[in-house]
Amino acid sequence: MPLVREARAARGKRVRNTVAAAAVLALTAAGCASGGAGQTHAGHGSRPATPNAPGPQAAPDPHLGRGGPDPTAPGGGPSAGASAAPTPRTTAPQAPAPRTSASPSPSTQAPAPRTTSPSQAPVSQGVVRHTAEAGRNVALTFDDGPSPVWTPKVLALLDQYDVKATFCIVGEQAREYPNLVRRIVAKGHRLCDHTETHDEKLARLPAADVRREIGSARDAILAAVPGAEIPWFRAPGGGWSTTIKQTAASYGMKPLDWSVDSRDWERGGVDHILATIKSELRPGGVVLMHDAGGDRSQSVAVLARLLPWLVNQGYSFDFPA
Ligand SMILES: [Zn+2]
């Protein structure tokens, strides 16, 4: 594919997955809770309201259940659809640009009783919805895997563009496909704990169950990749609670949300999903996609077109804060 080759060549030096500033920025990220673009990944229409979430957009859509049938249509054509002139690069990665922590979020400042085995340094409980570095960056995140069908396709596309992403791993999947977790890490991608069973009612579970869901997935990941870094935890459906955030923090994991919900799980068509991402994405955005949990052929087709578009738009690829 000439297009791919061209894009790769053009991209070349652009790809930058620096996380050097992550530690510094994590602190400022703390004040950046809520207010993200529609957290519509919600579970079955009953997402518990986050106290500090303005939530202008309703969250009517259930996160389609994981474990649906597998591949059918390839979906979507190969055209990049990005004929726009490449925008000039404005990235200035050196300067830790001032962050606009618009929304004061008192509730996220609640003291965290660090009860058990916090071997890591304390981390913020502020929900992360932006990239580690300021500038024209984007962080791609893939949830619910690994899947033996879809994760390899996603990895291959990311490889083509030398892009590093974040994979939010479900414990049950990691136990079944530990080799895929190893492949993800070997490729330089990062890991996020996404619970053991993907229970979207996590926020309503007793604290002990929350701990088990989070801890078991973590154990599964570490069994696959001993010593793996797991900097983030993502709640299924984006359903956060103080208990969840505190528990994640006790393991040294920051709560990871998103600013762009691709809604790829709705399988509304490749063009539609792509248009959603393009319209919602701003520099510093964290994009939610899925590499498992059902037929993800549309997600893969979207990614094949999204990557060259992002490159054309002058985006660099980063990890979440
Ligand atoms: Zn999920």
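**Exercise 1.** In this predicted model, find which residues of helix 3 meet which residues of helix 9, and describe how the two helices pack.

*Solution.*
Step 1. On the helix 3 side, the contact is made by K153, V154 and L157; on the helix 9 side, by V300, L303, A304 and L307.
Step 2. Sort these contact residues by type: 6 are nonpolar, none is polar and 1 is charged.
Step 3. Two packed helices are described by the angle between their axes and the distance between the axes.
Step 4. For helix 3 (residues 151-160) and helix 9 (residues 297-312), the angle is about 5° and the axes are 10 Å apart. Angles under 35 degrees count as roughly parallel, so helix 3 is roughly parallel to helix 9.

**Exercise 2.** Identify the buried residues of helix 8 and work out where they sit around the axis.

*Solution.*
Step 1. Helix 8 spans residues 270-280, and its buried residues are V270, I273, L274 and I277.
Step 2. These residues cover an arc of only 95° around the axis, so they lie on the same side of helix 8.
Step 3. An α-helix has 3.6 residues a turn, so residues three or four places apart point the same way.
Step 4. The packing partners of the buried residues of helix 8 are strand 6 (260-261), strand 7 (285-290) and helix 9.

**Exercise 3.** Which members of the largest nonpolar core touch the most other members, and what is C192 in contact with beyond its neighbours within four places in sequence?

*Solution.*
Step 1. The core has 69 residues, and L140, I169, C192, I221 and V287 touch the most other members.
Step 2. Helix 9 gives the most to this core, namely 9 residues.
Step 3. With neighbours within four places in sequence left aside, C192 contacts T166, F167, C168, I169, I230, W232, F233, R234 and L256.

Technical notes:
Residues numbered from 1 in each chain as written. Predicted model: local features only at pLDDT ≥ 70, side-chain atom pairs only at ≥ 80, totals over all residues. Axes fitted to C-alpha atoms, helices over the stretch in contact; angles between N-to-C directions. Helix = DSSP H or I, 4+ residues; strand = E, 2+ residues; numbered from the N terminus. Parallel < 35°, antiparallel > 145°, perpendicular 65-115°, else oblique. Contact = placed C-beta atoms within 7 Å. Nonpolar A, V, L, I, M, F, W, Y, C, P; charged D, E, K, R; others polar. Buried ≥ 20, exposed ≤ 12 C-beta atoms within 10 Å, placed from the backbone. Arc of directions from axis to C-beta. Core = buried A, V, L, I, M, F, W, Y, C linked by C-beta atoms within 7 Å.
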